Every structure is written in structure tokens, then in C-alpha cells.
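Please study the sequence and the three-dimensional model shown below. The paragraphs that follow lead through them step by step.

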Amino acid sequence: MTITTLATLAADLDSGKRSSVEITQDYLNRIKHSDHNAFISVNEELALTQAKSADEKRANGDSSPLLGVPVAQKDIFCIDGTQTTCGSKILENFVAPYTATVVGNMQSQGVISMGKTNMDEFAMGSSNETSYFGGVNNPWRSTAKGYENKNLVPGGSSGGSAAAVSALLAPAATGTDTGGSIRQPAAFCNLTGIKPSYGRCSRYGMIAFASSLDQAGPMTHTAEDAALLLNTMVGFDAKDSTSLNVPAEDFTASLNDSLEGLRIGLPKEFFGEGLDSEMATIIETAVKQFESLGATIKEVSLPNSHLALPSYYVIAPAEASSNLSRFDGVRYGFRAEEYSDLDDMYTKTRSEGFGDEVKRRIMIGAYALSSGYYDAYYSQAQKLRRLISNDFTCAFTECDVIMGPTTPSPAFEAGSRSDDPVSMYLNDIYTIPANLAGLPAGSIPAGFTSNGLPTGLHLITPYLQEAKMLNIAHKFQQTTDWHTRVAPTAIGGSQ
Amino acid sequence: MFTWDKRWEVVIGLEVHAQLQTKSKIFSGSSIAYGAEANTQASAVDIALPGVLPVMNLEAARLAVKFGLAIGAHINQRNVFARKNYFYPDLPKGYQISQMELPIVGFGEMDIETPEGPKTIGITRAHLEEDAGKSLHEDFHGQTGIDLNRAGTPLLEIVSEPDMRSPAEAVTYLRKLHSLVRYIEICDGNMQEGSFRCDANVSIRPRGQEALGTRTELKNINSFRFVERAMEYEIERQIDILEEGGSITQETRLYDSDKHETRSMRSKEEAHDYRYFPDPDLPPMILEDSFLDEVRATLPELPTAKKERFQNEFGLSLDDAETLTADRQTADFFETVSKSTKAESKIVANWMSGELFANLNKSELEISDSPIDTSQFALLLDRIADKTLSGNTAKKVFAALWDQEGDVDSIIEAKGLKQITDTGAIEAVVDDVIAACPEQVQQFKDGNEKVIGFLVGQVMKQSRGKANPQMANEMLLAKLV
């Protein structure tokens, strides 16, 4: 069994070796045989209709690079006529009457949406365990004695997307990243995951968690695939006032640029206490690899990075508490069956409709915004956010890319941290600063622990320098094969 | 005169919600036309589907800036939208997008006329926000229906300083504001449809005391008459409480116009904590100087400037100028007529304030709906100036014009109202009257000059109103003296 990249599928489609219908049907079959619980819903009919139409377009001369390639969509994106749950009971039966701009962009390039992937409820979680539709099994297993049959979490919140690609149920998937929700599961599942600069991808039609941090991005096997998929996702959108109006870029154009003279910064704060020592070694080895590609390595400092987590856990819940107010049982979605009056309807609908983690964050957020506490929490957190952002500006005067571990430890056993929110929150300690600063960041496969678990190398580049990051990742993948390793529970295809 | 004048000083501040005359909603492309079938003007954004985002309608900003410039206010060229969070079924997102710390319009002022002379009312701020939908409690068998057509309609909330000292003063300010927003064409001012709504913050304090008393906020007052009555009721209520040794509870009260009373809606303890914070979906709005210049260029001449110009240019009295500049259509009507008629401006003013306004009021019509247009009105006054019509016959022509019986000249012709100015013709009638009224002629000659009026009246009667009364008068005097 080997991984199949978007680039390979595109070449097969282009040469006529396989049709989109054949490829799509193959993946749909794999999904049926999987027990990873990676999907909340699969739209077989819609996918095959789109595949058929892609084949026709190709016959008529359309040569869009990803025309006819099927992918999985995180169930946070609205797609016209399909169930869109955001991993929550409160939207269990919600059918979106419109399509998210990112998905619309992909579809206009001929990319096929096979189904909606599982996720932490409203993207709040780092293990996919907060999903109303159940946890997702990481296709990877620990080889440690006694762990061979134990399920590990795929990370979160884009856990279903990560598992789907890692288990070979889809060649690529979309994810969203508010504090690490693309990069942490990519690291746990041995994938390439990119969170673009804030504003690259339109947020229209992407169900909001924390509006000032949320950003969609690709989850793929390779950096080249990430560049290909990102090309179809981005673009200015007049329907999103925070969308960036910047000239279109081909992210594949500079993939093979030389890394001669590249300055890599390693923030000392990312290699301190809390980092698994085995992982530290893997990351250091991976970074060393770049020296052979002509890069230089130096230590840098992000002195305020210890403030990122506390700042994030005020800002994100504050925005979420307000964003999730619309789920009130009045117009759509779940409504409690019995209630005595309006207040009771709200209370019961939201008590029964939301899971514990979502409720916890709504309460934290409402508290942080309440009168008398606003200055101490929300205003203060915004100030910290600026300090963190300034740290990057300073660091990037000395280096072109910042590297470190994506997570402090590898994938953990399901259930092992779900009762301890703070230890769960620590998963995102290295990824959150890039969200707060709005910078592009990614995770790429960097090697395996002695127990056979994937480790992610975290890359952060200056604002709008996704192309640089993809170039760095691609060159690394040209000289390593970590990203080509196949997970033990992956589902074989028919090729 | 109310008793509160003696011991108590009244302090009133008003919060006015003016619906801005845009074509579409403030954050979506839906129409804001009034009276459409329920929920037919509610898009995905308006009903707050998951994932939708607001996009600012720049036209609303333009109208808000227009208001700010009209009252000489500070315009915040960087202003910020904030979310006001609360749950209510007609508030689809669970928050209202409004402005908190940095409103689009900062401090400005407006002058009003009071019986004690002119007074300046401070306008603290004016900010943009979206309206909520409507809850419908009838026809749903004990349940509540929600109509979201109004949700997202752009509003400008204009907040005054607590500068008013009586309900009458507050109403004067409110009328002035109402006139201004229509003048500059940012709001249609229709109170019945809720396009112009007023909340009043009312408190009292012993005369001489500087500290403000505890205030109550009166909501749901939707006409000028009710505003004044609601405040009067509320002031009496507060005085009764304080004079009996009680204390005022800070609360929101609803005015019930049927029962003429206010009643508590929610107290401070029950007041919402709105958890305001800057809306992360909308970056701060930056208004360039060029935008302000562009808006400034669209400002019409403002009422105060127009009032002064009408006095200087047309020689109008302050009262006439005030009446004729109360709204833009009236002022335009006056100016158009004045410039096209040979009649003096004073005559134009008199005929407008007299016949025209009386008829408009009786028919409950706006001047823009007047059945007599400016050209016919000007022609009518021309016919008085050239002595074709007397004041009395002109009124007959006016009535016929109002009933749309034709144009000025054809009506004069048809009704035979042309004034006789031919000396010979008048002289013949004058001679007849002198011959027919020897008694009155003798009285005049004995020094009773007042009797001339009777004789002129006889001339007019005999000529069936057509003789020029001034000529008749002169001719009678010439023959009798």
C-alpha cells in the first residue's frame, strides 16, 4: 500500500489512465470499509454526479489542475443541500441552503466533495473527542507493548479530515485552524497541514468558532498537494470583510526553489519544559536536514510566547460565546421538545444541544466579556496578542522561517485526557501564536517515535509567505520519506 | 403650568432611532421596503444562518456622516462596530451589531427656539446599528411569530445630552431633529411605520441641586403628542414618589398611550449585561477625507442658513421664515413660487401660510402632494398683482384650483371673475350707487368717513365682486369730497 497524491491523480486523469468517476468510486468504497468514524456524512450521489460532470468537462477540453479529484470536506463548511453539523447535536439535522466560498471556489475548479468529515464540536477540541458523532480513530497505532490494539486520537479539531487522508479514504481534505486544528491533527496523523495567513481563505459559509482566528487550509500527504489544493481554495471574497484582496498566486510555482542561504530560526521557548525529549531529538534531526540543503540555523526568541495560551483562551471563547448565540432553537437546528416559556426553551435547547466543552468555552467567554471583567480579561488578552505579534516581527528580522515541534507530544490514547481540559489545551501551545499573529504556519511529517508514532515539524513564515513555506516543506520532502509512510490501519485501494 | 416648576427641575435626554433611507440593509443586500409579506426580505445573513458574515453597506455610513456634518459634529474617521449580546427571538444572531466606543458621529450641537429664547442642545453621539425583527403575538394561537424583514435595517441612534428642562423643550428638540433628518434626506421620518422612534431618559432633581436624580428610560413612544404626554406623566409619577419620601428605581418603563401611564419593563437589577466587544467580522471603518468631502458636497442648505437667507433675500419676518423653512419641500415651494411670480414675497408667504396650509391640513396632505403646483400658485398670485383678481375672487380661484377644475386663467374666464379695472365701467357703477344711497352719501358729507366702506361694498355688490375695490374707493372719494 502506498499513498496516492493529488498530483498523481491529476496526472492519471490528464493522461486518461483513470476517470474521475472511477477514482471517486474507489474512495467511496474505501470509506464504506473504514471503521475510523472519519466521516459524519458521505454524499455518494452528489460526488458521483460531480465526478461525471468533471469527466465531461475534461472531454470538452477543461484542463483545471485538480478537475475531477475527490476530496473530503470538514463538516464546518456549508454545502448547498447537504447536512452540515459542525460536529454538534444542535445542527444534527441542519441542511445548508448555500455553499461556503472556499468549497465553491474548489468546486468551480472541478474539485469533488465526497463527504463531510468528523470534527470536534464547533471545532473546540484537540482530540476529536468532543464530537457529538463520536470520536475518530487515528489510523496510526503505537507499537509499544500493550498498546497494539488501542485507539489513539487523531488530534483535533480537524480529526476526521486527518484520519480520512491518513487512512487513504480521501487523497486530501480541508480543515480549519483556530489554534492548531489543522496542524496538530496533521502532526498526529503524519500529514502536511497548512494554515494560511488570516484572510487568505474566505470565512463565508465556514461556521464560525473564533472569527478573528479561524482560517481554512489544506490537509494532504505532500507539500506539493497542499500547494495544489490551496490554489483552489484562496481568493478575495466580497462577502467576507476580513478577506484579503491580494493578487492571485500560484503556490506551486516556487516549490523547487533552492534553499541556499535560508535562515532558520529556532525559538528557544519552543524547546523547553513540556516537550517530549524523544520528540525534541526528532525535530532537531529534521532541522539539521535543512543544513544539507544550504540553510543556516540560529536560535531566536519569542519572549512572550508563554502568554499565547492564556491570551487565546480568553479571545477565542469570548468570540465563540457570541458566535454561538445564534444557535437558539428559534429558526433552525435542534430545539428542546418540552419547555415552559421562552427562557426555558433557550436554556433547554442549549443545555441539551451543546456538549460540555462547548458549554465550558461559552461560559468562559461570556465571563471574560462581562461588565467589570472586560478590562481584566478581554482587553488584556488583546494587548498580549499585539505583544506576541510583535515578537514575530522581531524574530523575522533575523530569520526567514521559524521551526519547532508542532505538538509537545505524539498522539495519545482516546479518553486519557478528556477529563483534564488544561492538559488538552496544552496540545496547542506551539501552534496558537501563529493564529494570534495571523501568520501562515504548517506542519509536515518529521519522523517517528520509537513507538512508531508520527511527529510534526512546525513551520511559521512571515505574513503572506505561504509559497516560501511550501517551498521549504517540499524541498524537505524531496530528501525525506516520512510523509510517504502508510498508517497501519489504512484502507487499501483497488489500484 | 405644572407644579414641578416650583420645587423640581426636570432633566431630559433623548435617544432617537432614525431609520436610514438606504435601498438595502446595513449588512446584507436585502430590501428594506416597508410592508412586505413576512420574511420575504430576509436573506441568509438576515436570518443568521451558520457561517454567514456581515458586509457594511457604505450608503448607511454616507447618510450618518451627512447627519454629522449637518450638526457640525466631529466625525470619527476611524469608527468601530461592536456586538451587543442578548437573546431575543427577533434578534437572529443573538447579538446586535452596533457601535460602542467609537461611534461614526461624535459630539455635535443643535439650536432650538424656546419661549425663553434660543437654546443649544448637545448631541453626545450618533452611531450606526442594525434594527431587530418583529415579534408577532396575534394570529399564532398562543405562540409567537417572528418576522425578520426589519432585521438588519440601518438605524442611526442619535443620543442627546441631558440638556432639556421640560417635556415641551424635549418635543421642540425632537421636532427640530425630525425636520433636519428629512431636510437632509437621510430618513423619511415616518413615525407610524417606526422610521423615527424616540426613547426618553427622564429624571428630576430639587432646584439648585447639581447632581442628577435617578432616571427612568421611557420606551415605546411613537408620536410627538405621546412623547410629551408620556414625559409629563412620568415626571408627575417621580414627583409623587419623591414627595412621599420614596426613591426612584432606575428602570426601563413602557408608555401605554391608551391608559396614559408608564409601567415598569425591567429594573436595573434585571438589566442585561450586553457584553459589548468589537465585532471581529467587521474591520474598523476608515473614512478618508475625500469621502467626507464627497458627502459634504451633497448637503443641502441647512434650515438655519435657509431661514436667515429667506429673511435677507425675501424680506420675510422671522416667523414667516421659520414656518417656510420647517421642511425642505415647503421651503422649495416658497422659493420656486417667489422667483416666478410678480407678487411680493410677503404675499407668497401669506398665501402659503393661509389658504395653502389650511387646505393641506384639512386634507391631511404633504405639500409635495398639493393639488396646486408651484406654477399655478405663482400664476394665481400674478393675477392678484396685475389686479385681475381681488383677494376675494382669488380665494374662489384657489378653491377651484384645489378641486382641479382647470388652470388659473381658464377658471377666471369660466367663472367670470375678471376684475373690472376699466375706469368708465367702474364710474358708471359708482354713479349708480351714489344715486341709490342718498342717506349714506349725506352721512359721509357730514363727516362720517367710515360710511365709505359701505359704499365701496355696494359697488362691489353691484359689480358682483369684479370691480377693483381700490379704484372704486378712490373714485367715490373723488366724487364725494
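How many salt bridges does a search of the whole structure find over all chains? In this predicted model, the search finds 55 of them over all chains.

Chain A contains 15 helices and 11 strands. Its radius of gyration is 21 Å, close to the 23 Å given by the globule rule for 495 residues, so chain A is as compact as a globular protein of that length. Taken along the principal axes, the box filled by the C-alpha atoms of chain A is roughly 65 × 55 × 55 Å. Of the 495 residues in this chain, 63% count as buried. Among the contacts in chain A with a separation of 6 or more, 77% are made by residues 24 or more positions apart.

In chain B, attention turns to one helix. Helix α16(B) runs over residues 469–480 and has 12 residues. From its first C-alpha to its last it reaches 16 Å, which is close to the 16 Å expected at 1.5 Å a residue. At the start of α16(B), a side-chain oxygen of N468(B) comes to within 2.9 Å of the backbone nitrogen of Q470(B).

Which residues of α16(B) are buried? They are M471(B), A472(B), M475(B), L476(B) and L480(B). These residues lie on the same side of α16(B), because they cover an arc of only 150° around the axis.

The side chains of E427(B) and K479(B) meet at 2.9 Å, N to O. This pair links distant parts of the chain, with E427(B) in helix α13 of chain B and K479(B) in helix α16 of chain B, 52 residues apart.

Another salt bridge joins K307(B) and E113(B), whose closest N and O atoms are 3.5 Å apart. This pair too links distant parts of the chain: K307(B) belongs to helix α6 (residues 303–314) of chain B and E113(B) to strand β5 (residues 108–114) of chain B, 194 residues apart. K307(B) counts as buried because its relative accessibility is 13%, under the 20% cut-off. E113(B), at 39%, counts as partly exposed.

A further pair is found within one helix. R62(B) forms a salt bridge with E59(B), and their closest N and O atoms are 2.8 Å apart. Both residues lie in helix α2 (residues 58–70) of chain B, three residues apart, which is about one turn of the helix. R62(B) is partly exposed, with a relative accessible area of 26%, and E59(B) also counts as partly exposed, at 29%.

Salt bridges can also join into a network. In chain B, such a network links E301(B), K306(B), R309(B), E313(B), E335(B) and K339(B).

Definitions and conventions: Residues numbered from 1 in each chain as written. Chains lettered and ligands numbered in written order. Predicted model: local features only at pLDDT ≥ 70, side-chain atom pairs only at ≥ 80, totals over all residues. Heavy atoms only, no water. Helix = DSSP H or I, 4+ residues; strand = E, 2+ residues; numbered from the N terminus. Expected span 1.5 Å × (residues − 1). Buried < 20%, exposed > 50% of the residue type's maximum accessible area, 1.4 Å probe, protein only. Arc of directions from axis to C-beta. Polar contact = N/O pair within 3.5 Å; in protein donor to acceptor, adjacent residues only side chain to side chain. Salt bridge = Lys/Arg side-chain N within 4 Å of Asp/Glu carboxyl O. Rg over C-alpha atoms; globule rule 2.2 N^0.38 Å. Contact = heavy atoms within 4.5 Å.
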